[in-house]
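Biologist: Could you take a close look at one part of this model for me? I'd like the contact between two of its chains.

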Amino acid sequence: MGYRQRVKSYDLIIVGAGIVGTACADYASQEGLRVAIVEPGPIGGGATAAAMGHLVAMDDDPAELALSHYSLNLWESFTGVEQIEYSRCGTLWVASNEAEFARIPEKLARLAATGVQAELIDREQLYRLEPHLAPDLCGGMRVSREAVVYPPGMAHHLLNRARARGAELHTNRVIAITHHGVQLADQTHLAGTVLVATGCALPELLPQLPIRGRKGHLVITDRYPGVVHHQLLELGYADSAHGHDDSSVAFNVQPRPTGQILIGSSREYGSDTPDVSMPMVRRMLERTFRFLPRLRQLDALRIWTGFRPVSVDGLPYLGNVPGQSNVWVAAGHEGLGITTSLGSARLVIDQWLGRATAIDARPYDPARVAA
Amino acid sequence: MSTVRIEIDGETLDVPAGITVAAAIARVERPFRRSVKGHARAPFCGMGICFECRVRINGVAQQRACMIAVHEGMQVVTDD
Amino acid sequence: MTEHYDVVIVGAGPAGLAAAEAALAHGARVAWLDAQATAGGQVWRRDVEHGWPPRAQRVIEYVTQHANATWMPQTQVVTAEASELLLQNESRAWRISYDALVLATGARELLLPFPGWTLPGVTGAGGLQALAKQGWPLAGRRVVIAGSGPLLLAVAATAKRHGAHVLGIYEQASAATVHNFAQKLWRWPGKALQAVSLRARLAGIPYRCGSIVTRALGDSTLQLIEVDGPRGVERFECDQLAVGYGLVPNVELAHALGCAMKYEGAHPCIEVDAMQCTSVPHIYAAGEVCGIGGHDCAWLEGRIAGLAATNASIGASLLRKQHHARTFAAALREYFALDPYIHDLSEPDTLICRCEDVPLRALEDYDDARNAKLATRCGMGACQGRVCGTALAELGRFPRSGLRPPLFPTRLATLGELHSSCSQGSIP
């Protein structure tokens with residue numbers, strides 16, 4: 001027989017080089033493990049490339065808040081890395097009516113209980129902070145320490161760090177998970193513990209963990225520095241993000257460090273092509289103009305779409321895959337994967353290494369679904 | 001040839017009617033714009049493709065100077 | 001509300017004008033639009049001092065004044081959806097629909113990087129011609145024209161007419177090749193006549209073959225250029241350098257409409273049949289966008305498309321002439337094929353993406369446009385990769401990709417509202 005199968009052994013084989021997979025590679029290599037990362041496409045080229053890159057604590061679910069807050073602290077060690085374009089612009093949540101404004105104190109209390117510093121912004125302060133906002137808003141809430149980043153830059157940075165510590169990148173596709181590792185499209189076999197971080201593509205390898213792609217659109221403008229200062233969101237954002245409508249839009253605008261303005265956000269089930277839907281763009285921009293009418297005259301350069309990987313309950317699958325002691329998962333972060341990538345990596349790898357996790361890992365245990 | 005009166009960087013000028021803003025800026029030898037890393041740039045393709053000639057026209061930033069003819073009272077700001 | 005027309009023609013150069021004239025003659029209600037403020041396209045661009053060429057003026061007057069024609073100048077197509085085009089001009093956005101659509105979107109210049117190509121004072125060759133016709137001051141300026149093809153002669157003639165002191169024309173093709181091409185011109189008597197009259201007008205201007213501008217130098221504006229030719233490397237002063245290496249079809253709208261493409265070298269053009277039909281029903285294409293063929297070819301194809309779009313009969317002699325014009329284009333391509341040396345002029349710090357200032361060095365590790373873009377911002381700027389993406393394709397690095405709406409930078413109001421007009425106000 002002329003055929004001899006090539007096998008390489010690692011401690012950990014990470015499938016997928018999005019921000020979650022590269023964060024896992026970075027942490028595992030830092031812990032001295034021999035790491036392989038397998039990615040057939042661009043680094044950070046899936047949901048990572050389509051994301052806004054807003055680092056934000058979402059408080060509408062306790063587990064989500066815990067993971068966000070844990071991760072945001074981890075992000076602090078990356079603020080000086082040029083490649084990730086870290087900009088601490090802060091988040092300004094905007095109240096479009098008195099009812100929303102009245103609910104801010106409970107939101108502040110929830111955040112404070114976890115340790116997130118935020119402040120109430122009255123009407124007058126609101127317009128001092130963002131003079132171009134529509135004149136009929138009621139105030140808002142500012143989280144000054146939150147920031148924006150360039151997610152593909154972070155994925156590259158994390159991967160480069162891991163590779164500098166010896167991690168190996170396989171530009172290849174995993175066609176199957178085996179008893180001992182993974183089989184690649186070129187017939188190479190990699191042996192080791194497997195960690196699947198393939199986002200929307202998760203069901204291809206782990207069909208027992210359902211993921212739905214929730215499509216989003218983003219629009220970016222030419223450079224107009226100084227028009228918008230904070231990442232701006234409407235307080236009603238969570239209603240859009242967590243609603244179960246087939247489609248929804250919310251006001252979500254970000255100042256890029258380049259002076260460009262990045263405009264979101266839409267959420268849509270049922271569309272599985274990356275085509276830009278102009279009716280959806282129109283809805284999204286109408287929502288934007290309601291809060292920032294002055295943007296009408298600015299030029300848009302590009303529109304793109306992406307798919308958020310959504311788990312059955314909106315929380316990521318982080319942990320051991322039930323019934324497969326050698327297979328772990330970190331996927332299903334929906335729209336919060338950039339923020340929570342760093343915490344997710346630690347949570348999974350600490351569990352695998354049998355260490356205590358920094359936050360309660362149970363809410364993310366894949367066993368809640370597949371058991 | 002009839003002329004129109006425009007303002008470039010605060011300076012009032014009479015220029016031939018029908019010429020583009022790009023031509024008007026060149027006639028007074030003003031810079032056009034700086035690139036993202038701060039290098040001087042000026043019209044390159046002359047036909048609205050390259051976006052090197054962008055200036056602020058009547059308060060609106062990022063307008064292509066080679067695509068717009070001068071108009072009476074127009075205000076142009078270069079080198080944003 | 002959507003405005004409906006029998007025939008919509010995008011592009012008002014020779015192909016668009018011929019299509020409009022033919023469609024109007026057959027009773028169609030026609031809308032024709034162009035991003036430029038005046039009709040004529042690039043080759044028949046109106047000169048603010050000298051007007052249109054006589055042949056162009058006649059047809060422009062006919063079409064503009066025709067009761068069934070609606071002329072939409074300074075109008076950009078923003079998106080194409082379900083047989084409707086979303087349009088914007090300086091003040092408003094609107095939609096039009098059509099029974100037949102003629103794509104006559106022409107071509108842009110092939111602009112290739114070399115050290116110093118971003119300096120003010122360096123333009124495209126056609127770029128300088130367009131600027132001169134817009135009123136760009138050239139009187140007394142020392143101008144060098146370089147690149148490839150017969151366009152260089154036309155540019156020199158325009159520059160001279162505007163008072164420039166043209167120091168020389170530098171053609172990359174060898175003297176032997178250019179000589180052989182000239183020997184063949186008898187097959188296209190019109191072209192031979194044009195060449196003779198151009199040469200007469202350019203008497204006294206050196207025409208050097210086998211010569212390539214390898215570098216432009218200056219502090220914040222062009223001062224000096226370096227030319228590599230049969231006489232070795234020379235450096236000399238000039239005020240304006242115009243370099244054009246040919247033309248590239250503007251296929252972005254056709255791509256958005258789903259028209260099938262073919263490739264001419266590294267660049268896509270629209271695939272059409274003998275009646276100028278694209279692969280999409282009711283969509284026709286004519287002229288440079290179907291492959292670089294020159295304005296005679298564009299005129300003939302525009303006429304065929306205009307007739308086909310109105311279901312009028314198309315004479316065999318028209319089709320024969322079109323075929324003959326295309327053979328001229330093929331000869332041009334063959335004789336003026338680019339010297340591979342031109343693909344290799346950039347140095348590691350030469351900027352490839354002018355919008356985002358991305359140097360060649362930064363692109364070394366990437367073999368795909370999207371990877372390069374995500375990692376370096378190459379192609380993310382306002383020109384949407386028209387310059388760098390096309391150059392990288394020509395240089396054999398990777399094909400241009402990521403064509404998406406909007407087709408050009410577009411006011412958010414246009415994209416965000418069914419009916420929008422531009423409110424006044426200042427944006428920083």
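Which residue in strand 22 of chain C is the bridge partner of A300(A)?

Modeller: That's T410(C). Before the rest, some ground rules: this is a predicted model, where local features need pLDDT of at least 70 and side-chain atom pairs count only at pLDDT 80 or more, while totals for chains, interfaces and linings use all residues. Residues are numbered from 1 along each chain as its sequence is written, chains are lettered from A and ligands numbered from 1 in the order in which they are written, and side-chain values use heavy atoms, with hydrogens and water left out.

Now, strand 22 of chain C runs antiparallel to strand 16 (residues 299–310) of chain A, over 2 bridges (strands pair if DSSP finds at least two bridges between them; strands are DSSP E runs of at least two residues, helices H or I runs of at least four, numbered from the N terminus). Around that pairing, 35 residues of chain C are in contact with 38 residues of chain A (heavy atoms within 4.5 Å). Together they bury about 3000 Å², with carbon and sulfur atoms giving 55% (accessible area, 1.4 Å probe, lost on being put together, summed over both parts).

The rule also finds 2 salt bridges here (a Lys or Arg side-chain nitrogen within 4 Å of an Asp or Glu carboxyl oxygen). In one of them, R223(A) joins E356(C), the closest N and O atoms being 2.4 Å apart. On the chain C side, strand 4 (76–81), helix 11 (369–376), strand 22 (410–411) and helix 13 (412–416) each supply at least two residues. Helix 11 of chain C gives the largest share, 5 residues.

Definitions and conventions. Buried area = accessible area lost by both parts, 1.4 Å probe.
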